[in-house]
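Student: I have a structure open on my screen and would like to learn how to read it. Can we walk through it together?

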Amino acid sequence: MRIRKENDGWKIDFSGKKPATPLLDTINYPLHMKNLSTRELEQLAAEVRADIVHTVSKTGGHLSSSLGVVELTIALHHVFDTPDDKIIWDVGHQAYPHKILTGRRSRMHTIRKTSGLAGFPKRDESVYDAFGAGHSSTSISAGLGMAVARDLLKKKNNVISVIGDGAMTAGLAYEAMNNAGFLDSNLIVVLNDNKQVSLPTATLQGPATPVGALTRALTKIQASAEFRKLREKAKGLTKQIGGQTHEIAAKVDEYARGMISASGSTLFEELGLYYIGPVDGHNIEDLVAMFEKVKAMPAPGPVLIHIVTEKGKGYPPAEAAIDKMHGVVNFDMETGKQFKSKSSTLSYTQYFAESLIKEAEADDKIVAIHAAMGGGTGLNFFHKRFPDRCFDVGIAEQHAVTFAAGLATEGLKPFCAIYSSFLQRGYDQVVHDVDLQKLPVRFAMDRAGLVGADGPTHCGAFDITYMACLPNMVVMAPSDEAELMHTVATAAAIDDRPSCFRFPRGNGLGVVIPHDYKGTPLEIGKGRIIMEGNRVAILGYGSIVQQCIEAANMLRSQNIYITVADARFCKPLDRDLIKQLANEHEILITVEEGSIGGFGSHVSHFLSLTGILDGPLKLRAMVLPDRYIDHGSPQDQIEEAGLSSRHISATVQSMLGRPKQAKQFK
Amino acid sequence: MRCSYGLTAIPGTDARFFSPETSFLQLRRTFQPTRIKFGSFKIKAKIDEARKEMSFYELLGISERGTSLEIKQAYKQLARKYHPDVSPPDRVEEYTERFIRVQEAYETLSDPRRRALYDKDLALGIHLAFSARRRYQYDEDLEDRSEWKNRWQSQLSELKRRSMNRDAGGNMSWGARMRRQREELSKEL
């Protein structure tokens, strides 16, 4: 891969080999960038781009977000003195250039892999990562906290929070700006505007059209070139007056600023942040000059610098792609074509989307809501089929939940498709607005359980716990894709109370699915027995049932025949099934891919209340361990968590009093 | 005063929404073109040209709230009527010109993004044919970038000026108090 300087910039030739990066090779830490000239910084930018494309083409991950902020990263590290100065990246997956320049370049090929670099900034990983990101819109709040701490400790460092235009749609960003404006502490907020304002960045047809009023405001700012001319006029005028006093000039300046800035910037001014911009986010000279000036000011207060970048800049296939190659698996560098592995089954997300569409065809009261995750939740397909019945509210889970509650009061049947870990943001709304009022909102929680390469920030460990403790909520978990479709139908049928169901990341198993994706509603509070045995019963909840079945098969080879049951419902529990299992077996093991306080707790509570625990039954609950599981491949994570089929068999063996045989499985 | 244009706001307009095109149209009588340069000559010529034409909606014969189905139907009807192959021989040129404009109108209004931009311009009083706007947009983009630099440089100098006086005694914000305390601390050392 060659990187050449041409008249209008650096050109990268993306052919198959590792790029030659002479300048980047000399940079291990930001300190090494301090003495570079603008020309050299531009060369560095080209080399970093080449390096990112090369690395991500091999490992997969997030591509275009990082490409868009190469110049910004270089400018920030050149001007500011990290790690004393703090840079907080809001959208974690744009931190690849940051990681490359802060001593982690040699490990970039391990990114998102087991024991490798995290795909997001992580405080444990490096002192240059000031704050962990993952859920977006947190950078200004965290930055303000660091700025205030600095002031109380009488320190002098700078704090820079980088936030994107998509992340700005979250209320948290406004809460932070409002507070920042009030406190008037020195803080630099960089608004990285790449005109996407929705994640991921496309519907099936093309780029997502802006989700709200914010983009109109931002567009107006960018388009206000004409005002400049008026200011020139006004300036010329004050010279003509001659001998102007300080006040007149200031007033003209103030007024002219009002004319220069289009309507949108006053949004930030009203919140108390001084607005600067828009600035070309790919011009290193401009960025460096501007950051130097701001850094030199003694008391700027909170400042918002609006930079305009292009997502995927510098890599033509990404610039051209509909979704800008936001998240990719490994791909061919020259063409940008991804090597997507072919699977015989669809993902759970797709099965969910298809069965929801089927339900919605039969019932026109069904509507779908998501929070800027049309691709991730599969609702882009729903939107294509029912454009007026699918609502993307932006990165605003709290609003999504209460909005759904409002829809439900009028008799509609809202399905809120929000990832298990993102629903945490809207939890109070689930409790107060939905459950307390017993409104029939259906929650489809995708990415439940361990999620692989994204790590603990996206891990859906807690949803069983936080949903099943709510008095009115029906809590379900399908064990495979056919069950998922029946669960969707069940949820559609539950119209007198809220309900939720969880399903994992990944592809279906290949079981026989109902004809035409149309599920049939299950009987509420009834599980099923999958295989019969004696002495030991395993009661699984959710997709982990598959691991239980595998464990049973492993034990059969040892002549141990266990019963495996699929609970289907955590609330209401299938009491008859549990009583039956408890009465007919010596040992009962519950398994779930969730934290403590979930399914296992509900079962043990029930057993203790009925007095069964006073008897001879041996009860064990297998749950996720009481620690965060790091990112890695799904198999490694499940092993780390101790919930693989091997672990389940070993547990059975040791409970049967055969610890030696248990060791065989270890 | 001939140059009062610069300082006084036109009554009834919000300075933030102030646009030279609108003012051009409103101030026609008192405005003297030689005094104030509107930058590119091209833009002025296009504005003149555009003001003669009717809006895309009028061209297609639908209301501004027309649905995409209505737009499509109108376009089909008019395209069939004005297509050069079926137009009366003595009016081929006129009809072809109309056809092209109908085509542009459809292209603009059938794409939600372009339609949004077009509606915005319409509200400001300009209706540029899309091809004209595309050129305008490109030129505007280039001009924009150099405009941007000037603008943020002036914003920076304004910030610097403000920051000089920011922590003066009167300012009681938390940040200002903290900065004053820190200054005093470093003076003592």
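Tutor: Let's take confidence to begin with, then the sheets, and then a few single residues.

Student: Fine. How far does the predictor itself trust this?

Tutor: Keep in mind that this is a predicted model. It scores ipTM 0.72 and pTM 0.77. Chain B has a mean pLDDT of 65, and 59% of its residues reach 70 or more.

Student: Which elements of chain B have the lowest and the highest mean pLDDT?

Tutor: The lowest is helix H1 (residues 20-26) of chain B, with a mean of 34, and the highest is helix H8 (residues 174-188) of chain B, with 88. Residues 1-44 of chain B stay under 50 in pLDDT, and the model has 56 contacts for them beyond four places in sequence. Residues 127-138 of chain B are also below 50, with 25 contacts beyond near neighbours in sequence.

Student: What should I do with such stretches?

Tutor: Where pLDDT is low, the predicted coordinates should not be read in detail.

Student: Then let's go to chain A. What is it built from?

Tutor: Chain A holds 24 helices and 21 strands. Of its 666 residues, 60% are buried. Among contacts in chain A with a separation of 6 or more, 76% are between residues 24 or more positions apart.

Student: How do I read a sheet?

Tutor: Strands of a sheet pair through backbone hydrogen bonds, either parallel or antiparallel. Here, one open sheet of chain A has five strands in the order E4-E5-E6-E8-E7, with parallel pairing.

Student: Why is one side of E4 and of E7 in chain A left without a neighbour in the sheet?

Tutor: Strand E4 (86-89) and strand E7 (274-280) of chain A are at the edges and have a single partner strand each, so one side of each has no neighbour in the sheet. Ignoring direction, neighbouring strands of this sheet are turned by 20 degrees against each other on average.

Student: Can you show me one pairing up close?

Tutor: Take strand E6 (residues 187-193) and strand E8 (residues 302-308) of chain A: they run parallel and are joined by seven bridges. Asp193(A), for instance, stands opposite Val308(A) in E8(A).

Student: Which helices lie across this sheet?

Tutor: Helix H5 (residues 139-152) of chain A is one of them; it lies across E4, strand E5 (159-164) and E6 of chain A, at about 170 degrees to E5(A). Helix H11 (residues 284-296) of chain A lies across E6, E7 and E8 of chain A, at about 160 degrees to E7(A).

Student: And what about a sheet with mixed pairing?

Tutor: Chain A has an open one of seven strands, ordered E11-E10-E12-E13-E15-E14-E19. Its edge strands, each pairing on one side only, are strand E11 (390-392) and strand E19 (569-571) of chain A. Within this sheet, strand E13 (residues 442-445) of chain A runs parallel to E15(A), with four bridges between them. Ala444(A) has Phe501(A) in E15(A) as its bridge partner. Helix H18 (residues 481-493) of chain A packs on the sheet, touching E10, E12, E13, strand E14 (474-476) and E15 of chain A, and its direction makes about 170 degrees with that of E15(A).

Student: Let's end on a single residue. Is Glu71(A) buried or exposed?

Tutor: Residues under 20% relative accessible area count as buried. Glu71(A) has 6%, so this residue is buried. Glu71(A) sits in helix H3 (residues 70-79) of chain A. Beyond residues up to four places away in sequence, Glu71(A) touches Ala45(A), Arg49(A), Gly281(A), His282(A), Ile284(A) and Leu287(A).

Terms used. Residues are numbered from 1 along each chain as its sequence is written. Chains are lettered from A and ligands numbered from 1 in the order in which they are written. This is a predicted model: local features need pLDDT of at least 70, side-chain atom pairs count only at pLDDT 80 or more; totals for chains, interfaces and linings use all residues. Side-chain values use heavy atoms; hydrogens and water are left out. Two strands pair if DSSP finds at least two bridges between them. Helices (H or I, at least four residues) and strands (E, at least two) are DSSP runs, numbered from the N terminus. Axes are lines fitted to C-alpha atoms, for helices over the stretch in contact, and angles run from 0 to 180 degrees between N-to-C directions. Contact means heavy atoms within 4.5 Å. Buried means under 20% relative accessible area, exposed over 50%, partly exposed in between (1.4 Å probe, protein chains only). pLDDT is the predictor's confidence in each residue, from 0 to 100.
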